[in-house]
Protein chains: 2
Amino acid sequence: MNIDGMKCSRCRQPAQHRLPSHNARFCDKCLGIFVRRQAEKAIKQFDMLVPGQKVLVAVSGGKDSLALWQVLLELGYRAEGLHLALELGDGKFGEASLEASQAMAQRLEAPLHLFNMAEMAGFGVQEIAWANKRSFCSVCGTLKRYYLNKACLDLGFEVLATGHHLDDEAARLLGNLVRRHQRYLDNQWPTLEGAPGAFAKKIKPLCRLRGAELKSYAKSQGWSVAKGACPRSKGATLPYYTEAVRMLEERMPGTTINFYLGYLEDKGAPPAKPEMEARCSVCGMPSFAEECTICRFLENTRKRESTKRDALKDQG
Amino acid sequence: MNIDGMKCSRCRQPAQHRLPSHNARFCDKCLGIFVRRQAEKAIKQFDMLVPGQKVLVAVSGGKDSLALWQVLLELGYRAEGLHLALELGDGKFGEASLEASQAMAQRLEAPLHLFNMAEMAGFGVQEIAWANKRSFCSVCGTLKRYYLNKACLDLGFEVLATGHHLDDEAARLLGNLVRRHQRYLDNQWPTLEGAPGAFAKKIKPLCRLRGAELKSYAKSQGWSVAKGACPRSKGATLPYYTEAVRMLEERMPGTTINFYLGYLEDKGAPPAKPEMEARCSVCGMPSFAEECTICRFLENTRKRESTKRDALKDQG
C-alpha cells in the first residue's frame with residue numbers, strides 16, 4: 001500500500017507511512033527504526049533505564065503497550081509484561097485485551113504476569129466508586145496506579161514502563177494548563193523516580209511518539225490489538241483535550257511535540273523525588289495519612305456492603 | 001423567538017438567549033443587563049476606568065466593538081469612536097465596516113473619528129510586508145497597534161478600549177501557552193497601563209463575555225454589523241486556538257471563563273508598567289532601538305519602491 005508514489009525519507013524505497021509532524025515518509029522497515037530510535041532517545045534524554053536493565057511493562061493489549069514491550073526488548077532491555085485485568089463493562093473488551101497481551105508474550109517469548117484488580121481489591125471498581133461517592137474514572141485510575149505499583153514491587157522490579165505516548169502526555173499537559181492543576185503540572189515528567197520498597201520508578205519511553213505513528217507501527221507489524229476506548233470512560237474529560245491537541249496538530253504539524261518537549265525543556269528539571277517516610281497502618285504502602293487512600297476506599301466499601309447485607313437480613 | 005418554552009433566569013419572562021457557560025437563559029432585556037454588568041465587573045476588577053472617564057473605543061464595525069461602544073456609554077463613560085480603515089482585500093469588507101461604524105455613531109449620537117492606515121503610513125500593508133519580508137498578519141497587527149495608539153494620543157485620549165472578548169483572550173492565552181511565548185504571557189492582562197505622551201492605557205472591558213453572548217446581544221439589538229473574517233487572515237494561527245477553545249467550551253461549559261480568569265487570578269498582578277525612556281529618532285514615538293519598528297518598516301518600503309522605480313526607468 002504505497003502512498004502516492006512517495007519514497008521513504010530514509011532508504012528511498014516506496015513509502016507506506018506518512019509522518020507529517022516530522023515531515024517524513026517511511027517504509028515499514030524504516031518506520032520500525034524510527035520508532036526504536038525515538039524510544040531510545042526518550043530513554044536517554046529522561047534517564048529512564050541503563051543498558052540491559054530489567055523493566056516491567058504494563059501491557060493492556062492496546063497498540064501502544066504492545067509496541068513498547070517489543071521495542072524495549074529490541075533495544076536490549078530485559079522487559080517482562082504485566083497485564084492487570086480491570087473487569088470493566090461487558091467483559092468483551094477485557095477478553096480482547098488479555099488475548100492480545102498473551103499473543104504478544106508468545107511472539108516475544110517473554111513472560112507475562114497476570115493480575116486481576118477486582119481480586120486484589122476484593123471489590124469491583126463500580127462498588128468502590130459507589131461506596132466512596134467518587135467518579136468511576138477517578139477511582140479506577142487511583143486503584144490502577146496503586147495495584148500496578150504493588151504488583152511491580154511484589155514481582156521484584158524497580159522500574160515500571162507504561163505505553164503513554166506523546167498525544168497522551170500533551171493532552172494531559174493541556175488539560176492541566178487549562179484547569180490550572182499546579183500539583184499535576186509539577187509532576188508532569190516522563191520519568192518519575194522511585195523509592196526502594198515504596199514506589200517503582202515510572203517511565204514513559206514512548207513520550208516522543210504520536211498515537212498515529214504507533215498505529216502505523218502496529219499495522220506494519222500485522223498485530224491484532226485490543227481496539228476501542230474503555231467502555232466506562234464516558235465521564236472522562238481527557239478525550240476532549242486529546243481532541244483539541246489532535247486538531248491543533250492537524251492544522252499545524254509539529255505542534256504537539258514542540259508543545260510537550262518544549263514545556264519540559266522550559267521546566268528544565270524532573271520533579272523532586274517522592275519523600276514518603278510514613279506508611280499506611282493497614283497495607284504498609286507509602287501514605288501521607290495514617291491510612292492510605294486505597295485502604296480508606298476499601299474500608300468504606302466493606303462498610304457499605306455490610307450495611308446492605310444487614311438491610312437485606314432485616315427484610316428477610 | 002422563544003427557546004423551548006424556557007423562562008428568563010432573571011425575570012421569568014420567556015427567554016430568547018441561552019448562555020450555557022453561566023447555566024442561564026435570558027430575555028432580550030435581561031441579556032442587555034447581563035452584558036452591561038459583566039463589562040462593569042471587568043472594568044472594576046481590572047482597574048480600567050474611573051466613573052465618567054473619557055475613553056476612545058476602537059470601532060471596527062463588528063458586533064464586539066459596536067457592543068462595547070454602546071455599553072460604555074450606557075455605563076456613563078464619555079466614549080467616542082475611532083475607526084481605523086485598513087484597506088485590505090477587495091474593499092467590500094472595509095466598506096461594510098465603515099458603514100456599520102457610522103450607523104452606530106448616529107444611533108449613539110456620539111463622535112466617530114475616522115483614520116486611514118494606508119494614508120497614515122504612506123503605504124498599504126501588502127507593500128510594507130513585501131518590502132520587509134514579513135507575514136501580512138504580523139505587519140498588519142504591528143501597524144494597527146502603532147496607529148491606534150498614535151491616533152488616541154493625537155486625539156487627546158488617555159485610554160483606548162478594544163472589543164476583544166473572552167474567547168479572543170482565552171484563544172490567545174492558549175496559543176501562548178502551547179507555543180510557550182513567555183514574553184506574550186507576561187503581558188497577558190486585560191488592562192495595560194499607559195505612559196503619558198507615549199502609550200495610551202489599553203483596556204478590554206468585554207474580557208468576561210463570550211463571543212456567542214455578544215452575538216446574541218447584537219442580534220437582540222437589531223444592529224446591522226460587519227460580518228465575516230478579515231479577507232487576508234488566511235495565514236493566521238489564532239483561529240485554530242479559537243476553534244480549540246470553542247470545542248472545549250462546548251464539551252465542558254464554563255471552561256473558557258475558568259481558564260482565562262483563573263489564569264489571571266493565579267498570576268495575581270498586572271504586568272509592570274512599560275518603561276520607555278528612549279524615543280524613535282524619526283517619529284518621536286517610544287522605541288527600544290534608535291529607530292522604531294514602524295519607521296524601519298517604512299524606510300525599507302521606501303527603498304524598495306525607489307529601486308523598483310529605478311528598474312522601470314532603466315527599462316524605459
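**Exercise 1.** What covers the buried residues of α9(A)?

*Solution.* Before we start: this is a predicted model, where local features need pLDDT of at least 70, side-chain atom pairs count only at pLDDT 80 or more, and totals for chains, interfaces and linings use all residues. Residues are numbered from 1 along each chain as its sequence is written, while chains are lettered from A and ligands numbered from 1 in the order in which they are written.

Step 1: find the helix. Helices (H or I, at least four residues) and strands (E, at least two) are DSSP runs, numbered from the N terminus, and α9(A) spans residues 211-221.

Step 2: pick out its buried residues (20 or more other C-beta atoms within 10 Å of a residue's own, C-beta atoms being placed from the backbone). They are A:Gly211, A:Glu213, A:Leu214, A:Ser216, A:Tyr217 and A:Ala218.

Step 3: look at the cover, which includes β1 (17-19), α1 (28-45), α2 and α7 (166-179) of chain A. Contact means C-beta atoms, placed from the backbone, within 7 Å.

**Exercise 2.** Work out how α1(B) and α2(B) are arranged.

*Solution.* Step 1: take the axes, lines fitted to C-alpha atoms over the stretch in contact, with angles from 0 to 180 degrees between N-to-C directions. For α1 (residues 28-45) and α2 (residues 63-74) of chain B, they come within 10 Å and cross at roughly 80 degrees.

Step 2: name the arrangement. That angle makes α1(B) roughly perpendicular to α2(B) (the class runs from 65 to 115 degrees).

Step 3: see who meets whom. B:Val35, B:Arg36 and B:Ala39 of α1(B) meet B:Ala67, B:Val71 and B:Glu74 of α2(B).

Conventions:
Buried ≥ 20, exposed ≤ 12 C-beta atoms within 10 Å, placed from the backbone. Contact = placed C-beta atoms within 7 Å. Parallel < 35°, antiparallel > 145°, perpendicular 65-115°, else oblique.
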